[in-house]
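Me: Could you walk me through this one? I'd like to go from the overall layout down to the contacts.

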Amino acid sequence: MMTRTRIVAVSYLNTIPYIYGITRAGGSLREGLLLCPPRLCAEALRTGEANVGLIPVAAIPEIPDLQIITPFCIGASGPVRTVVLASDYPVEELDTIWLDSHSRTSVRLARILAAEKWGIAPQWRPLTDYSFGTGAAAGTHGTIPAAEATGTGGAAGTGTGTESGTGKSGYILIGDKVFDHEARFRYLYDLSDEWRAMTGLPFAFAAWVARGEVPQERVSQLEEALRYGTAHIPEAVAWSGYAARPYACDYLIRNIDFVLDAPKRRAMELYWQLGRRYDPPSTPG
Ligand SMILES: C=C(O[C@@H]1C=C(C(=O)O)C=C[C@H]1O)C(=O)O
C-alpha cells in the first residue's frame with residue numbers, strides 16, 4: 001500500500017487558498033508539495049512523480065487509475081477572468097488562434113467553443129513564449145508580436161500569427177499572465193462566460209485527484225486543509241506573495257468558485273463528451 005503522499009498543484013493565484021491551507025496544515029502534506037503550471041501538474045500524475053494533485057480536468061480521463069477525491073476545484077460560476085481569448089479582432093474574424101502551452105483544459109475548451117459556438121475554423125498554433133513582444137525573443141515563432149499586442153494590427157514580417165490568411169490572431173491565455181497582459185487587447189472573451197452562454201452550466205477547470213491507493217486519513221487531512229484555505233481567503237492572500245496585488249481577494253472571492261458541486265460535475269461530463277470530438281492540438285513541452 002502506498003503511504004507516501006506527493007502533492008502537485010497549480011502555481012497560480014487561484015491556488016493560493018489551497019496552498020495556504022496545505023502549508024498551514026504542515027507535516028507531510030506540506031513536505032510533499034510541488035507547484036507548477038497545469039500541464040505539468042497532469043504530467044506529474046501521469047509519470048508517478050506525484051500521486052495526489054490539482055490537475056486540469058482535460059487530463060483526468062487520460063490517466064489510468066485516477067479518482068476525484070475532494071469536493072474542491074478551480075471553477076467558475078460567472079466570469080473566471082483568467083481564462084480568455086484575447087485579440088485585437090472580433091472572434092468571428094480570427095484565422096489563427098495561439099494556444100497557451102501551460103493549459104490542457106482551456107485549449108480544448110477553445111476548440112469546442114470555436115466549433116460549437118463561434119462557428120470558426122482557425123489554424124491552431126502553440127504559444128510557447130510569454131514575453132509578449134518584449135525582450136530578445138520578440139517576434140519569434142510562438143510569441144505575441146508587439147505591434148499586434150498593442151493594437152496596431154498584425155505586424156508584417158514578424159513571423160508570428162501573420163503568415164497566412166488575413167493575419168488576424170487571437171491568443172488563449174490562462175492564469176496570472178492574463179492580469180499582466182489583458183489591457184493590451186481590444187477584445188477579451190472570457191471562456192467561462194462563453195461556456196455558460198452555450199450550455200447554461202458553470203465550469204470546472206481543474207480538480208483534485210489521487211492516483212492509486214492513498215490512505216483515507218491523508219485524503220481527509222487534505223480536504224480539511226483545502227476547506228480551511230478557501231474559508232480564509234483574505235488571510236491566505238496576506239500570507240502569500242500576492243498580498244500587494246489589489247485585485248487578488250476580489251478575484252478569488254468573485255471569480256473563482258472552489259466548490260465542485262453537481263452542476264460543475266455535469267459540466268465536466270459534458271466537456272469530456274464534447275472534447276472527444278476535438279483532438280487536442282499537438283503542443284510542445
Ligand atoms: C481558472 C484557471 O484555470 C486553470 C486552467 C487550466 C487549464 O486550462 O488547463 C488548468 C488549471 C486551472 O488552474 C486559470 O488558470 O486561471
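**Domains and ligand**

Reply: The protein chain is divided into domain 1 (7-76 + 202-275) and domain 2 (83-199), with bounds that come from an automatic or database domain assignment. This is a predicted model, in which local features need pLDDT of at least 70 and side-chain atom pairs count only at pLDDT 80 or more, while totals for chains, interfaces and linings use all residues. Residues are numbered from 1 along each chain as its sequence is written.

Me: How many residues of domain 1 are in contact with domain 2?

Reply: On the domain 1 side there are 21, and they meet 18 residues of domain 2, where contact means that the C-beta atoms of two residues, placed from the backbone, lie within 7 Å. Helix H3 (38-47), E10 and H11 each supply at least two residues of that domain 1 side, and H11 gives the most, with five residues. Helices (H or I, at least four residues) and strands (E, at least two) are DSSP runs, numbered from the N terminus.

Me: And what is that side of domain 1 made of, by class?

Reply: The side of domain 1 that touches domain 2 has 19 nonpolar, one polar and one charged residues; Ala, Val, Leu, Ile, Met, Phe, Trp, Tyr, Cys and Pro count as nonpolar, Asp, Glu, Lys and Arg as charged, and the others, Gly among them, as polar.

Me: Switching to the ligand, where does it lie relative to the domains?

Reply: The ligand lies between domain 1 and domain 2, because both give residues to the shell around it. That shell holds 17 residues, the closest being Pro-38, Thr-82, Ser-103, Ser-106 and Phe-205, and a residue counts as near if its C-beta atom, placed from the backbone, lies within 6 Å of the molecule.
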